[in-house]
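Dear colleague,

Please find below the structure for your records. My findings on the contacts between its chains follow directly after it.

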Amino acid sequence: MWIRNCWYVIAWEHEIPAEGMFTRRVLDEPILVYRTAGGGLVAMLDRCCHRQAPLSRGRREGDCVRCGYHGLKFDAAGICVEAPGLASIPVKTRVPTYPVVSHNRWVFVWMGDPALADPALLPDNFSCDHPDWSYKPGYVHYDTPYLLVCDNLLDFSHLSYVHESTLGGSTAIAQAIPRIEAIPRGIRVTRHVPDVAPSPFWKSFQSFDRNVDRYFVYDFVLPGTLLMQSGGAPVGQAEGDLRGGVQLHSCQTLTPETETTTHYFFQQSHRSSIDDPAVTEAIYRGLVTAFEEDREMITAQHRNIDPEEPMLLLAMDQALVRYRRLLQQAVDQERDPRATARAAA
Amino acid sequence: MWIRNCWYVIAWEHEIPAEGMFTRRVLDEPILVYRTAGGGLVAMLDRCCHRQAPLSRGRREGDCVRCGYHGLKFDAAGICVEAPGLASIPVKTRVPTYPVVSHNRWVFVWMGDPALADPALLPDNFSCDHPDWSYKPGYVHYDTPYLLVCDNLLDFSHLSYVHESTLGGSTAIAQAIPRIEAIPRGIRVTRHVPDVAPSPFWKSFQSFDRNVDRYFVYDFVLPGTLLMQSGGAPVGQAEGDLRGGVQLHSCQTLTPETETTTHYFFQQSHRSSIDDPAVTEAIYRGLVTAFEEDREMITAQHRNIDPEEPMLLLAMDQALVRYRRLLQQAVDQERDPRATARAAA
Amino acid sequence: MWIRNCWYVIAWEHEIPAEGMFTRRVLDEPILVYRTAGGGLVAMLDRCCHRQAPLSRGRREGDCVRCGYHGLKFDAAGICVEAPGLASIPVKTRVPTYPVVSHNRWVFVWMGDPALADPALLPDNFSCDHPDWSYKPGYVHYDTPYLLVCDNLLDFSHLSYVHESTLGGSTAIAQAIPRIEAIPRGIRVTRHVPDVAPSPFWKSFQSFDRNVDRYFVYDFVLPGTLLMQSGGAPVGQAEGDLRGGVQLHSCQTLTPETETTTHYFFQQSHRSSIDDPAVTEAIYRGLVTAFEEDREMITAQHRNIDPEEPMLLLAMDQALVRYRRLLQQAVDQERDPRATARAAA
């Protein structure tokens, strides 16, 4: 279950080479991405319209791509401009392209109707490209449907258990009741955890001499993007006084590769010791370790699910239930815009 | 095709740790087994009722299990006794448990209606725990349906060919005509093989100076358990005179893991040189070698079967045909007890 | 999609041992091939009629095969001649055999009605066994349907791209328009490529001081066999003057292993330096390298095909479209000979 009329991250910007070609599957479509000489990005179905060979097995020729099987050459608009042995090229000889845009180091493709591609729908992943913030980019591949990872991100009570010795460090996180709010195309989750030990993760890059008040405030928006402010300060410190505290911003996004596999792009930025690469590295390492904990749990969960047995919904599932409902509405809307409008009226 | 109202072996007793957890799939259900402080056994569906994560990825807390995903804690009856972040725990928050019993070193779970769980239905695997008998426990995993292994065990003519250089040693075994009898919930097979060379298997732990009269007498009972007396004595010796002979008791049982994979628990006990671990080891090694011969043949058979082509039933298939019919009746009975009763009336 | 009433190559003759057994799957049937003491070939379903175990896991006994599971023994006609433990052998106890013939080093099996097996339908693979020609035999396994490889062989425009640095060497091959003709049970393709650089492949076994006129003339016949004369001579040389030129004959054939996997037997023979094993070896190596290029492309194509998306047919697809139509007619004819005859009338 996924929507099409939205921007999906296909790559970190640095993954697309200056020359050559990059290919990755999104919503079960193989997509070829490359840069033109003028610096523009091209995203094209990685499937020749002739015999369906992957164009990525061919070669770049200027701003064009030549199929490596029978030599058809396509320009950046997907139009065939050369067909060896053909007197004339049928007009149907073209490969679909996708709207593609780079925004704060993430490369997005629009998988739905190109006429609807709207830059205003790009997420506010500002800390991916901001002079005051520092991070190291991350990627992990899941052999599970993306919605199980969405579920995970929509209920941070798992921090106390999955991430007991990394991001969590206290059962108080699971016990704290989050506030859930509707926002445009998503859900906002706010969780305060007062007077707890700093997490093992924090202690990997900073020293603490007492307990902290922790907070997590994140938006989770379609099609599967988490934008989070989190951190905390020593207990008893005046509000706004960040000395000795932690202030992080994290951008994470899920892109379905297929019905059952997922791309996960993530970072967590800091601004405290922005010139200290050791801090950036420690935060990245901590995240990689913790996200591997998630991946193991979610993969085990995925293999263990009995599709004929419903899950038991509990209080901590409020955000994920609301998000799944919102996604379902968006899917229904795409399938039949008019019927959905009538139902709403 | 399997029945549910019966005891299946899930493990050798020594496989269940004193602390910690053990997990194995039976009839395509993941099952968690552990011991309470009081020494009791617990068998529980290894699937949290909340998000279906395997409980075995969590941890023991006293006689309880805590899920490693969101921290739900279940007692030995499968009832949720703690749910972090919940004001009250819905009564539905529970995980199914299974009747479980240890009987002569085999740990059995009852996969059907718990109200019907009847210890009288446990098999008489006495030599698994008897001071006069000695053995080393065995286990092998099959990537085939369990019924193909049942078939194998119900026709010992294969000893002459599959086990020519191990358990067999003579084509006379295949040529001997077994007696087949009905017994409660099973079939009894009796086969006498007079005046043959001792098998290579026997010669691995004992010396012989002439031919022997061999016998195999076994019960094969639901849901897939073989209980066998086998052995032999030098030709010409008076009946009952066991000098220079061999006397073995074997307990073997098959538990479907999934529709297409199988657990096989086995042992072969001797009482002749009970204090000589070399004999016990030689018998165990001989069995492991021979059962690997079976596994290779049955796996090759399984891959080779054309499901649209019927098997040709021959005289040696009498026992397996009768056992499959008996199993089919038991399956039908479980599906619709009343219709089966009417049909019988 | 395949026909049955035809000869399929199951092996190179040297693959069938003088004693012992050879087994390979053809049209998704496991087939056992062995030689009798008299030098004859036997092809038999590699599946015992009793419990469907592979006969190839048993053993040869004279011109017979004994099943390794329960000891049934079958003669070269597939008739059971011994069944341990049986008073009499039911007449149904037999295994199907196939017409089998060795013809110019290829071993063929007839997969359809044995009464229709006609040696006149064997292909003219003469250079596989001719004193004037020399080659080294090749085999490659494909994880793709055989028709994708047929397609490849029916459009040599791919030589310019897939084999740019091996068999091709010039885009002129793709630009040359081939002549396509109907022949009995197949298609003849003739392609002349005047005044081009010799291919890198040719240069691996011969020297050239100028451009060449190249030609490819091949028959592609049911069920998937290519028989090709190819070569060329220095530009400007009188027709028929082969000095400094290349003259090759190639026999290649595809045999479906399953719906999605394929056996590919191939050779390319030369007669120029027949006593020089280095030339034979260089031609073989060149072919192996080039056929690996094909295999990688076709495997990538196969994985990339969207079954709901039609392929776009272009001018270079004329031969493969005609061959697929011819195959479809042959398949329809086999399924319902009378209806096909009526439709034609």
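Predicted model: local features only at pLDDT ≥ 70, side-chain atom pairs only at ≥ 80, totals over all residues.

Across the interface of chain A and chain C, 14 residue pairs are in polar contact, with both partners at pLDDT 80 or more. The side of chain A that touches chain C comprises nine nonpolar, seven polar and eight charged residues. Salt bridges between chain A and chain C number four. In one salt bridge, the side chain of Arg57(A) meets that of Glu296(C), at 3.4 Å from N to O.

As to extent, 24 residues of chain A and 32 residues of chain C take part in this contact. Together the two chains bury about 2,400 Å², and carbon and sulfur atoms account for 55% of that area. On the side of chain A, Arg51(A), Gln52(A) and Tyr69(A) contribute more than any other three residues, supplying 33% of the area that chain A buries against chain C.

I turn now to the interface of chain A and chain B. Here 32 residues of chain A are in contact with 24 residues of chain B. The area buried between chain A and chain B is about 2,400 Å², with 55% of it on carbon and sulfur atoms. The residues of chain A that lose the most area to chain B are Tyr161(A), Asn304(A) and Leu312(A), which together make up 29% of what that side buries.

Four salt bridges are counted between chain A and chain B. A salt bridge joins the side chains of Glu296(A) and Arg57(B), with an N to O distance of 3.5 Å. The number of residue pairs in polar contact across the interface of chain A and chain B is 14, both residues being at pLDDT 80 or more.

Which elements give two or more residues to the side of chain A that touches chain B? They are helices H1 (146–154), H2 (172–175), H4 (277–304) and H5 (318–335) of chain A. H4(A) gives the most, with seven residues. By class, the side of chain A that touches chain B has 17 nonpolar, six polar and nine charged residues.

The N-terminal end of H4(A) is capped by Asp276(A), a side-chain oxygen of which lies 2.9 Å from the backbone nitrogen of Ala278(A).

How are the copies arranged? Chain A is superposed on chain B by a rotation of 120° with 0.2 Å of shift along its axis, at an RMSD of 0.1 Å. These two copies are therefore related as by a three-fold rotation axis. For chain A on chain C, the superposition takes a rotation of 120° with 0.1 Å of shift along its axis, and the RMSD is 0.1 Å.

Finally, over all chains the structure holds 69 salt bridges. One within chain A is formed by Arg66(A) and Glu82(A), whose closest N and O atoms are 3.1 Å apart. This pair links distant parts of the chain, as Arg66(A) belongs to strand S6 (residues 64–66) and Glu82(A) to strand S8 (residues 80–82), 16 residues apart.

With kind regards

Technical notes. Residues numbered from 1 in each chain as written. Chains lettered and ligands numbered in written order. Heavy atoms only, no water. Contact = heavy atoms within 4.5 Å. Buried area = accessible area lost by both parts, 1.4 Å probe. Polar contact = N/O pair within 3.5 Å; in protein donor to acceptor, adjacent residues only side chain to side chain. Helix = DSSP H or I, 4+ residues; strand = E, 2+ residues; numbered from the N terminus. Nonpolar A, V, L, I, M, F, W, Y, C, P; charged D, E, K, R; others polar. Least-squares fit on C-alpha atoms with pLDDT ≥ 70 in both.
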